[in-house]
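The sequence and the coordinates are shown first, followed by points grouped by topic.

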Amino acid sequence: MNTDQRPAYVPPVETYQCCHCGGTGLDSYGETCGHCEGLGFC
Ligand SMILES: [Zn+2]
Ligand SMILES: [Zn+2]
């Protein structure tokens, strides 16, 4: 059995909620936030 354990790539844990949509990815109109492009953080 292959027990190769490669170091897991750990993405940055600290993400910053978008200051425009508050992390929802949607703006006040329910559209994709143009500031974070729907990611919810920037
Ligand atoms: Zn933002
Ligand atoms: Zn946003």
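Two residues are in contact if their C-beta atoms, placed from the backbone, lie within 7 Å. By this criterion Cys 42 touches Tyr 16, Cys 18, His 35 and Cys 36, leaving out residues up to four places away in sequence. The model is predicted.

- The protein chain has 42 residues, of which 10% count as buried.
- Its secondary structure amounts to zero helices and zero strands.
- Among contacts in the protein chain with a separation of 6 or more, 14% are made by residues 24 or more positions apart.

**Cys 42**
- Cys 42 has 15 other C-beta atoms within 10 Å and is therefore partly exposed.
- Cys 42 and Gln 17 are 25 residues apart along the chain, and their C-alpha atoms are separated by 6.5 Å.

**Phe 41**
- Phe 41 is partly exposed, because 13 other C-beta atoms lie within 10 Å.
- When neighbours within four places in sequence are left aside, the contacts of Phe 41 are Thr 15, Tyr 16, Gln 17, Cys 18, Gly 23 and Cys 36.
- From Phe 41 to Thr 24 the C-alpha to C-alpha distance is 8.4 Å, at a sequence separation of 17 residues.

**Glu 37**
- Glu 37 is a residue other than glycine with a positive phi, near 60°.
- Glu 37 is exposed, because 11 other C-beta atoms lie within 10 Å, and the cut-off for an exposed residue is 12 or fewer.

Methods: Residues are numbered from 1 along each chain as its sequence is written. Chains are lettered from A and ligands numbered from 1 in the order in which they are written. This is a predicted model: local features need pLDDT of at least 70, side-chain atom pairs count only at pLDDT 80 or more; totals for chains, interfaces and linings use all residues. A residue is buried if 20 or more other C-beta atoms lie within 10 Å of its own, exposed if 12 or fewer, and partly exposed in between; C-beta atoms are placed from the backbone. Helices (H or I, at least four residues) and strands (E, at least two) are DSSP runs, numbered from the N terminus.
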